[in-house]
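Dear colleague,

Please find the structure below, handed over for your study.

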Amino acid sequence: MSDKPEFTIRDGSVKATTWRNAGENGDYFTTSFSRTYRDEKSGDLRDTNAFSGADLLKVAALAQEAYQQSRALRQEERLAQRRNEQSNSDRLAEARTGNRKRSRDNRER
């Protein structure tokens, strides 16, 4: 897991935080949900993973949005990977064509 989340989305005190992780088959995303509250004794802000009934509707909406954003990131990565593979394939083809031309030029001399 990276030190910085890929993105965080909020609805009031409820938030969804999505992280990029490296796996054997490429990157993947995980999302955690939390609710921020103020500690009555210290006054500090804290996070909890416990939600009230009304908060659960927010969690559901944030889960759907986090899914859509993660899906869009995966699609962008697949497109970038395809472009990279195509670019590598094109360079290899150009190198082969260049080698054939040089070989043909050397034979003609």
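**Burial and salt bridges**

D55 is buried, as its relative accessible area is 10%; here buried means under 20% relative accessible area, exposed means over 50%, and partly exposed is in between (1.4 Å probe, protein chains only).

Please note that this is a predicted model, in which local features need pLDDT of at least 70 and side-chain atom pairs count only at pLDDT 80 or more, while totals for chains, interfaces and linings use all residues. Residues are numbered from 1 along each chain as its sequence is written, and side-chain values use heavy atoms, with hydrogens and water left out.

D55 belongs to helix α1, which covers residues 53-108. Helices (H or I, at least four residues) and strands (E, at least two) are DSSP runs, numbered from the N terminus. When residues up to four places away in sequence are not counted, D55 touches V14 and R35, where contact means heavy atoms within 4.5 Å.

The salt bridges come next. A salt bridge is a side-chain nitrogen of Lys or Arg within 4 Å of a carboxyl oxygen of Asp or Glu. In the whole structure, a search finds 6 salt bridges.

One of them joins the side chains of K15 and D47, at 3.1 Å from N to O. K15 sits in strand β2 (residues 14-23) and D47 in strand β4 (residues 45-48), so this pair ties together parts that are 32 residues apart in sequence. Are the two partners buried or partly exposed? K15 counts as buried, because its relative accessibility is 14%, whereas D47 counts as partly exposed, because its value is 43%.

A salt bridge also forms between the side chains of R20 and E77, at 1.9 Å from N to O. Since R20 is in strand β2 and E77 is in helix α1, the pair ties together parts that are 57 residues apart in sequence. R20 is partly exposed at 21% relative accessibility, and E77 is partly exposed at 27%. Which residues are linked with R20 and E77 in a network of salt bridges? The network links E6, R20, D27 and E77.

A further salt bridge is formed by R46 and D39, whose closest N and O atoms are 3.3 Å apart. R46 counts as partly exposed at 36% relative accessibility, while D39 is buried, with a relative accessible area of 19%.

Yours sincerely
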